[in-house]
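Please look over the structure below before reading the points. They are arranged by topic.

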Amino acid sequence: MPKPKPDEVIRHEIVFGSTERQIAKDLRSALVVNKVITPFTSLLSSTAGLLLVTGLGLAYLEQYLPPDWYHRTDEQLRDWFETENLAAAGVGSILGGLIGVMFGSPVLGAVFGGVAGSATQEVAEEAQAGGVPAGFSYGSIGLLIGAARLLKNVADDLQNEN
């Protein structure tokens, strides 16, 4: 049996108050941050992903390192190129960019994060000069240099096998 056509249309409208709109904005921000962070965490949770990120970082950093960087000591590298400042600025930029996504301006967040990271490292260096132990003043970049040397050894071994 066919349905009769409606003789009138009633429109219902749901209107959020300011509290509900704020909750919806917060939920949207949380979803955006989740969509940005989830691929990075899944990439870094695998060994292959971590090696990929480290290798890309090494390939990028090699253009700024001195030609004989592999044979220099950690202290010589720190004196030549203040890698600690750059690493702190890089971490600050990443965190600032992620926070900036929530406010609609990842570039501005990354700029502020980079400046804050570099300033934090400068303060830490001053603290170390004043006698504060390195462990308590946001320490060294030796792990990055160690990883770079390890990747260089692996690459050299692979080339020697072929």
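Where in helix 1 does a kink lie?

1. The kink lies at Ile37, shortly before the proline Pro39, and amounts to about 30°. The bend at a residue is the angle between axes fitted to the seven residues ending there and the seven starting there.

2. This is a predicted model, in which local features need pLDDT of at least 70 and side-chain atom pairs count only at pLDDT 80 or more, while totals for chains, interfaces and linings use all residues. Residues are numbered from 1 along each chain as its sequence is written, and side-chain values use heavy atoms, with hydrogens and water left out.

3. The protein has six helices and zero strands; helices (H or I, at least four residues) and strands (E, at least two) are DSSP runs, numbered from the N terminus.

4. Helix 1 covers residues 18-44, and its end C-alpha atoms are 39 Å apart.

5. Of the 162 residues, 19% are buried, meaning under 20% relative accessible area with a 1.4 Å probe, protein chains only.

6. Mean pLDDT (the predictor's confidence in each residue, from 0 to 100) is 76 for the protein, and 72% of the residues score at least 70. Confidence is highest in helix 1, at a mean of 88, and lowest in helix 6 (residues 142-161), at 63. Over residues 137-143 the pLDDT is below 50, yet this stretch has 18 contacts (heavy atoms within 4.5 Å) beyond near neighbours in sequence in the model. Where pLDDT is low, the predicted coordinates should not be read in detail.

Key:
Expected span 1.5 Å × (residues − 1). Buried < 20%, exposed > 50% of the residue type's maximum accessible area, 1.4 Å probe, protein only.
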